[in-house]
Amino acid sequence: MQLDKTYARLTTLDEEEQLGYAYFLETNKYLDCLDLIYLQQQDNPRDFSVLKGTDADAYKKWLTSKLGDYPSAILREYLFISPGANSEVQRVPRYIDIFAHSHDFFEIVCTIRGQCLHQVDEETILVGQGDVTIIPPNVRHYLRTEPDSVTLNIKIRKTTFDSVFSVLMRSGTALSAYFAQTLYAKHYRNSLTFHCGQDAFLPELLLCMMTQQLEKKRHYNHMLDGLLAAFFPYLVQNYEHTIDFSSGDQGVDERMTAIENYVRQNYRTATLSGTAEHFHLSPAYLSTMIKKQTGFTFSSIIQKIRMEHATQLLSQTPMKVEQVCEHVGYQDPTQFIRTFKKYYSLTPLQYKNKYSPAKPVVLEQP
């Protein structure tokens, strides 16, 4: 892999950033990402006067309806992570203003050079070189890079942590506890930042990820999974003592984290009585504890995990619906189909047909 070439590409303004830079020179403001998309549809993208027209307003209104309840958009992983991939890496663009948003996937912001401003809920964080910030699902945040910054954004599906990163989830580290809390704690609002400073290996590892994403050679998705599987233990091994948490609401206690880890690893067969016995608790006490700290019942947690895994298998594997049903722990296909439709308003087959790799999601213009 040509890492020097990748780094040179990251430090050079691409077409979108050049457009943002031209807008910045004219207005002294960053270009709104929705305005950017509209300009890209025009014959002369650098005619910024078109942004003041009613056509631009109508287009942006349509576009935001596809993304969510703007400006409180909840970005969905099926729109932002390619079908068949567990994760995706991209550069955070300079001179582009990306509106505050939340998402249903994990996002990791890694700054290789320079600085960027990161606002999580109401807390503003200045992210510097060597900082790695993990933003869990459903946390509203805003990211603005400085002109000299080289910052990468890694998006990871929630279900990835039970499959690709199962070893990490069982590691008993501060990072595994953090991921366990973010997956189920009802009010967990904390982002987490590692301060890695001038570490020499980490930028190289990140550039390897970016190179895989850019080149898209055969098996690049598996390479990304493998590099991420090395990325997390490296952070814990060398920088666990540097961790900073944002001041969001706290999640669950350590015992609840262990219970959640156990349930996620055994979701196909776990029962309330069996889990209670494993942790030397009564079923009634465990049920009350789970409800109090997560806001969910034991059965709804199991059901949620099974549904998440089902969507992953339906969209990323050739498995038939009957096979997925059995794999995620359902004995009755009818019950599986009914439950799945309740969650996603689609039958499993409809979901597979819509989101399988053979039919990638696209936004059609009005």
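## Exercises on burial, contacts and an enclosed cavity

Cysteine 325 is buried, at a relative accessible area of 2%; buried means under 20% relative accessible area, exposed over 50%, and partly exposed in between (1.4 Å probe, protein chains only). The model is a predicted one, in which local features need pLDDT of at least 70 and side-chain atom pairs count only at pLDDT 80 or more, while totals for chains, interfaces and linings use all residues. Residues are numbered from 1 along each chain as its sequence is written, and side-chain values use heavy atoms, with hydrogens and water left out.

**Exercise 1. Determine how many disulfides the protein has, and classify cysteine 116 as buried or exposed.**

Step 1. A disulfide is a pair of cysteine sulfur atoms within 2.5 Å.
Step 2. Under that criterion the count is zero.
Step 3. Cysteine 116 has a relative accessible area of 0%, so this residue is buried.

**Exercise 2. Summarise the secondary structure, burial and accessible surface of the protein.**

Step 1. Helices (H or I, at least four residues) and strands (E, at least two) are DSSP runs numbered from the N terminus; the protein has 17 helices and 13 strands.
Step 2. Of its 366 residues, 51% count as buried.
Step 3. Accessible areas come from the Shrake-Rupley method with a 1.4 Å probe, and for residues only the protein chains shown count as cover. The protein exposes about 17800 Å², with carbon and sulfur atoms supplying 50% of this area.

**Exercise 3. Describe the location and the contacts of methionine 256.**

Step 1. Methionine 256 belongs to helix α11, which spans residues 254-265.
Step 2. Its relative accessibility is 1%, so methionine 256 counts as buried.
Step 3. Contact means heavy atoms within 4.5 Å. Apart from neighbours within four places in sequence, methionine 256 is in contact with Met289, Ile290, Gln293 and Thr294.
Step 4. For glutamine 293, the C-alpha to C-alpha distance from methionine 256 is 7.9 Å, across 37 residues of sequence.
Step 5. Turning to the whole protein, residues 24 or more positions apart make up 74% of the contacts with a separation of 6 or more.

**Exercise 4. Characterise the largest cavity by volume and lining.**

Step 1. On a 1 Å grid over the protein atoms alone, a cavity is a set of points where a 1.4 Å probe fits but cannot get out; lining residues have an atom within 4 Å of a point. Grid points are joined across faces, edges and corners, and a volume is the space filled by probe spheres set on the points.
Step 2. One cavity of 30 Å³ or more is counted, and the largest cavity has a volume of about 80 Å³.
Step 3. Twelve residues line the largest cavity, with Tyr78, Arg157, Ser315, Tyr351 and Tyr355 nearest its centre.
Step 4. Helices α5 (77-80), α14 (298-316) and α17 (348-355) each supply at least two lining residues; α14 gives the largest share, four residues.

Key: On a 1 Å grid over the protein atoms alone, a cavity is a set of points where a 1.4 Å probe fits but cannot get out, and a pocket is an open set with protein on both sides within 12 Å along at least five of seven lines; lining residues have an atom within 4 Å of a point.
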